[in-house]
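Good morning, and thank you for joining.

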Amino acid sequence: MTTFDFPDTLLAAAHASWEAIQAGRLTVAQADAVQDGVTQFANESKHNRHEVEMALKKAVRHPATEG
């Protein structure tokens with residue numbers, strides 16, 4: 001899978017969204033904001049939106065451990 005250099009704002013929105021999902025309080029507006037960010041990033045970087053979304057979810061939900 002391709003790795004991406006996601007902007008801090010998109011990573012922060014995705015982290016907040018993931019925390020809200022886990023707490024059972026994700027809002028439509030919050031989910032839409034992340035999807036809009038994914039779409040914008042994909043368009044600007046000329047990558048497939050689905051690949052971008054999968055990589056973002058992996059980065060947020062399964063961060064690599066160092067050591």
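**From a loop to a pocket**

Lys46 sits in the loop that joins helix 2 (28–45) to helix 3 (49–61); helices here are DSSP runs of H or I with at least four residues, numbered from the N terminus. The model is a predicted one, in which local features need pLDDT of at least 70 and side-chain atom pairs count only at pLDDT 80 or more, while totals for chains, interfaces and linings use all residues. Residues are numbered from 1 along each chain as its sequence is written, and side-chain values use heavy atoms, with hydrogens and water left out.

The phi of Lys46 is near 60°, a positive value in a residue other than glycine. Most residues other than glycine have a negative phi. Lys46 counts as exposed because its relative accessibility is 75%; exposed means over 50% and buried under 20% relative accessible area, with partly exposed in between, using a 1.4 Å probe and protein chains only.

Now to helix 3. Which of its residues are buried? They are Val52, Glu53, Ala55, Leu56 and Val60. Seen down the helix axis, these residues fall within an arc of 165°, so they line one face of helix 3; the arc is taken from the directions from the axis to the C-beta atoms. The buried residues of helix 3 pack against helix 1 (8–23) and helix 2, where contact means heavy atoms within 4.5 Å.

Finally, helix 1, helix 2 and helix 3 each supply at least two residues of the lining of the largest pocket. Helix 3 gives the most, with five residues.
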